[in-house]
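Here is my note on the model, point by point. Please read it with the structure open.

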Amino acid sequence: MAEIQLQKLQVSIDTIKLDIAAADLIRAIYSDALSSASGSIAQVRECAVQLMRIAQQSSMTIIMVGYVTKESVLSGPRLLKYIVDTVLYFEGDTYSSFRLVRAFKNCFGAADEPGIFEMTEHGLRSVANPSALFLSQHKYTVPGSCVLVT
């Protein structure tokens, strides 16, 4: 739904009984409880905390979408990554069809293994065996050599 007011979102979430929702873009959402502008540190903090409470009380998943600037810095207040349980980085290269998803968890242990996906005409497709993909691009067979992806 095209709504950015937190209180209206909460009513809709309570009424519809969703299992999952995405707040895209978290910096655009605002709360009437605060007088500061949408995207300010106070608004982002308040909206993120309230969305987290809604998720916990209703046992649903809420995805808060942000973006990274050209300087590889999280756009907006950095405090957001400390409020949420997990930060997912979706990385890609303009010249490649492959994308990486990296997870950084704030609680319940580490998740250091990236997900590798390929962008196809039908959307993202999981790459089942990334090692085979990289090895298929290796042209020369030299006895005793090894291939290393870094």
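**Notes on the predicted model**

1. Overall layout. From the N terminus on, the elements run α-β-α-β-α-β-β-β-β-α. That gives 4 helices and 6 strands for the chain. The model is a predicted one. Of the 150 residues in the chain, 23% are buried.

2. Helix α1. Which residues of α1 are buried? In this helix, residues 6-16, they are Leu-6, Leu-9, Ser-12 and Ile-13. Seen down the axis of α1, these buried residues fall within an arc of 120°, so they line one face of the helix. Val-11 and Thr-15 sit on the other side of α1 and are exposed.

3. Four strands make an open sheet: the 4 strands follow the order β3-β4-β5-β6, and the pairing is antiparallel.

4. Strand β3 covers residues 86-92. For a reference position, take Leu-88: its bridge partner in β4 is Ala-103.

5. How many salt bridges does the count give? The count comes to 2. One of them joins the side chains of Arg-102 and Glu-91, at 2.9 Å from N to O. This pair links distant parts of the chain: Arg-102 is in strand β4, Glu-91 is in strand β3, and they are 11 residues apart. Arg-102 is partly exposed, at a relative accessible area of 32%. Glu-91 is also partly exposed, with 30%.

6. The β5-β6 pair. Strand β5 spans residues 115-120 and pairs with β6 over 4 bridges, in the antiparallel sense. Met-119 stands opposite Leu-124, which is in β6. A salt bridge is found between the side chains of Arg-125 and Glu-118, at 2.4 Å from N to O. Arg-125 counts as partly exposed, at 42% relative accessibility.

7. A nonpolar surface patch. What makes the patch of about 290 Å²? Phe-90, Met-119 and Leu-124 do, and the patch is nonpolar. Phe-90 is found in strand β3. Met-119 and Leu-124 are the residues standing opposite one another in point 6. Please view these three side chains together.

8. A cis peptide. The bond joining Asp-24 and Leu-25 is cis, with omega about 25°. Leu-25 lies in the loop between β1 (20-24) and α2 (41-58). Please look at this bond in the model.

9. Positive phi at Lys-17. This residue is not a glycine, yet its phi is positive, about 60°. Where is Lys-17 placed? Its place is in the loop between α1 and β1. Is Lys-17 buried or exposed? Lys-17 counts as exposed, at 64% relative accessibility.

10. Positive phi at Ser-59. Here too phi is positive in a residue other than glycine, with a value near 55°. Ser-59 lies in the loop between α2 and β2 (61-65). Ser-59 is exposed, and its relative accessible area is 68%.

11. Asn-129 is found in the loop between β6 and α4 (130-136). At 46% relative accessibility, Asn-129 counts as partly exposed. The C-alpha atoms of Asn-129 and Ile-116 are separated by 9.0 Å, and the two residues are 13 residues apart along the chain.

Conventions
Residues are numbered from 1 along each chain as its sequence is written. This is a predicted model: local features need pLDDT of at least 70, side-chain atom pairs count only at pLDDT 80 or more; totals for chains, interfaces and linings use all residues. Side-chain values use heavy atoms; hydrogens and water are left out. Patches are made of residues with over 30% relative accessible area and no salt bridge: like charges are joined within 9 Å, nonpolar side chains (Val, Leu, Ile, Met, Phe, Trp, Tyr) within 5 Å. Accessible areas come from the Shrake-Rupley method with a 1.4 Å probe; for residues, only the protein chains shown count as cover. A salt bridge is a side-chain nitrogen of Lys or Arg within 4 Å of a carboxyl oxygen of Asp or Glu. Helices (H or I, at least four residues) and strands (E, at least two) are DSSP runs, numbered from the N terminus. Two strands pair if DSSP finds at least two bridges between them. Buried means under 20% relative accessible area, exposed over 50%, partly exposed in between (1.4 Å probe, protein chains only). The arc is that of the directions from the helix axis to the C-beta atoms.
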